[in-house]
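Today I will go through one protein model, starting with a space inside it. Please look at the picture while I talk.

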Amino acid sequence: MPVTVVREGHIRIVTIDRPEARNAINRETRAGLEAAFTEFASDADAWLAVLTAAGDKAFSAGADLKEMDPAQRADPNYVAPPFGFITRDFHTDKPIIAAINGAALGGGLELALACDLRVAADHAVLGLTEAKWALLPGGGGTQRLVRSIPRAVAMEMLMTGAPITAGRAYEVGLVNAVVPSAELMERTMELAQTIVNNGPLAVRAAKRAVDEGADGSLAEGLQLEQRLSKALFSTHDAAEGARAFAEKRPPAFTAN
Ligand code: COA
């Protein structure tokens, strides 16, 4: 299978496993990602996903260029499925972290952009290369990149197609951390565990508030925040959080 899933407590590690093709996304890999993330979204025991890939050469080289048929794509009746499944028409309030183990190019970067946080190995490069192949990033790249980093940098990446280093990606805020390649999973799992230790419903509410609120007006965003905040006060976990603080012990959250 080109996609594997490993459980570690409430964390699911989803790995794209096609290193021989630099983890490019062909039909089978897309189906694997769909199965993995559909299951993740519906599994009450799964609180956070880490998306990574096999080997250290590439996180993903994007769309499988050998499988792509431009004539089919140009057909007015053809509706392209969401690239890599998670880039369009998929939403979960549960957090997803990309552990970028190598080149994230084209759709590879679009997959990483569809995640909430990104940790990059120090040798990784990141780019939207589609213009080099006379294509447009169609997995959300044009929309998410400009919402993630300064507009001029996004334009440069889109128009030149030139990848940037992990260090530059950190400078512009495209990745949360750059770590030595050998420590990528350890450091990503530390970040994942810190999030998983928090109230899961609160983490999901924060993601929803940002995802739904950030592109609207401030007034609408503040109303959304109030609704989400009020709903959390009636949860078992919110009561447990306050009780645990008073009793000077770690909280035991259950996502209820
Ligand atoms: N689709 C299909 N196959 C791909 C691929 C892609 N997007 N990217 C790499 N591969 C395949 C290569 O064809 C090669 O297959 P082969 O061994 O049968 O010849 C294999 O993966 C290894 O690729 P190679 O280029 O030799 O590896 P590398 O480590 O030197 O370079 C990359 C890795 C990712 C930098 C380079 O492959 C690359 O630039 N790929 C294209 C990335 C891109 O622009 N994607 C956007 C698509 S719209």
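The lining of the largest cavity divides into six nonpolar residues, no polar ones and one charged residue. Here Ala, Val, Leu, Ile, Met, Phe, Trp, Tyr, Cys and Pro count as nonpolar, Asp, Glu, Lys and Arg as charged, and the others, Gly among them, as polar. The model is predicted: local features need pLDDT of at least 70, side-chain atom pairs count only at pLDDT 80 or more, and totals for chains, interfaces and linings use all residues. Residues are numbered from 1 along each chain as its sequence is written, and side-chain values use heavy atoms, leaving out hydrogens and water.

Which residues line the largest cavity? They are W47, P95, I195, V196, P200, V203 and R204. Two elements, α7 (184-196) and α8 (200-213), each give two or more residues to this lining. The largest share, three residues, comes from α8.

A cavity, on a 1 Å grid over the protein atoms alone, is a set of points where a 1.4 Å probe fits but cannot get out; lining residues have an atom within 4 Å of a point.

Now the whole chain. Of its 256 residues, 45% count as buried, meaning under 20% relative accessible area with a 1.4 Å probe, protein chains only.

Conventions: 1 Å grid on protein atoms, 1.4 Å probe; cavity = no way out; pocket = protein on both sides within 12 Å on 5 of 7 lines; lining within 4 Å. Helix = DSSP H or I, 4+ residues; strand = E, 2+ residues; numbered from the N terminus. Buried < 20%, exposed > 50% of the residue type's maximum accessible area, 1.4 Å probe, protein only.
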